[in-house]
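Colleague: Could you take me through this model? Please start with the terms you rely on.

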Amino acid sequence: QVQLVESGGGLVQAGGSLRLSCAASGRTFKNYCMGWFRQAPGKEREFVASISWSGGSTNYADSVKGRFTISRDNAKNMVYLQMNSLKPEDTAVYYCIADLNWRQKPVPAYWGQGTQVTVSS
């Protein structure tokens, strides 16, 4: 069982930056690939980024490549999403996820409660 708690969301102007954090409970954190999904109003939830068990591999949605960076600290049971050059279309609730397997698009076994990111134009 893994519990995920996100933080770091907020309101930012277009072109600005935010760093999301996800704190994971449980001793088996290093056994999970981690990632982020997001859901904008009226839209389906979509994949944003993922990172492998050791952090050696990462994957990004085309819409965020070059702007977002995912990282993890297994010693602290933490996952981060650094978001730069934010655009109004990045406005969404961002969810931290955990997946036992490394794959092109994660199939989450666990979800956090979400954190709101709002980018004003």
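Modeller: Contact here means heavy atoms within 4.5 Å. This is a predicted model, in which local features need pLDDT of at least 70 and side-chain atom pairs count only at pLDDT 80 or more, while totals for chains, interfaces and linings use all residues. Residues are numbered from 1 along each chain as its sequence is written, and side-chain values use heavy atoms, with hydrogens and water left out.

Colleague: Which residues is Tyr94 in contact with, leaving aside neighbours within four places in sequence?

Modeller: Tyr94 is in contact with Glu6, Leu20, Trp36, Phe37, Arg38, Val48, Phe68, Leu81, Met83, Gly114, Thr115 and Val117.

Colleague: And which residues touch the most other members of the largest nonpolar core?

Modeller: Tyr94 is one of them, along with Leu4, Met34, Trp36, Leu81 and Met83, in a core of 34 residues. A nonpolar core is a set of buried Ala, Val, Leu, Ile, Met, Phe, Trp, Tyr and Cys residues joined through side-chain atoms within 4.5 Å. Buried means under 20% relative accessible area, exposed over 50%, and partly exposed in between, with a 1.4 Å probe and protein chains only.

Colleague: Which strands each supply at least two residues of this core?

Modeller: They are S3 (18–24), S4 (33–39), S5 (46–51), S7 (68–73), S8 (78–83), S9 (92–99) and S11 (115–120). S9 gives the most, with five residues. Strands are DSSP runs of E of at least two residues, and helices are runs of H or I of at least four, numbered from the N terminus.

Colleague: How many helices and strands are there in the protein?

Modeller: The protein has zero helices and eleven strands.

Colleague: Turning to the cysteines, which ones does a disulfide join?

Modeller: Cys22 and Cys96 are joined, S to S 2.1 Å; the rule is a pair of cysteine sulfur atoms within 2.5 Å. The angle about the S-S bond is -80°, and the link is left-handed. Cys22 lies in S3 and Cys96 in S9, so the pair ties together parts that are 74 residues apart in sequence. Both Cys22 and Cys96 are buried.

Colleague: What about Cys33: buried or exposed?

Modeller: Cys33 is buried, with a relative accessible area of 3%. Cys33 is in no disulfide, and the nearest cysteine sulfur, that of Cys96, is 12 Å away.

Colleague: How do S7 and S8 pair?

Modeller: They pair in the antiparallel sense over six bridges, where pairing requires that DSSP finds at least two bridges between two strands. Thr69 stands opposite Gln82 in S8. In the hairpin, which has four residues between the strands, Asn77 takes a positive phi near 55°.

Colleague: And which residues make up the covered face of S7?

Modeller: The covered face has Phe68, Ile70 and Arg72, whereas Thr69, Ser71 and Asp73 form the uncovered one.

Colleague: One more residue: where does Leu100 lie?

Modeller: Leu100 lies in the loop between S9 and S10 (110–111). Leu100 is partly exposed, with a relative accessible area of 46%. Not counting residues up to four places away in sequence, Leu100 touches Asn31, Tyr32 and Trp53. The C-alpha atoms of Leu100 and Ser120 are separated by 36 Å, although these residues are 20 apart along the chain.

Colleague: Finally, what share of the 121 residues of the protein count as buried?

Modeller: The share is 46%. Among contacts between residues at least 6 apart in sequence, 57% join residues at least 24 apart.
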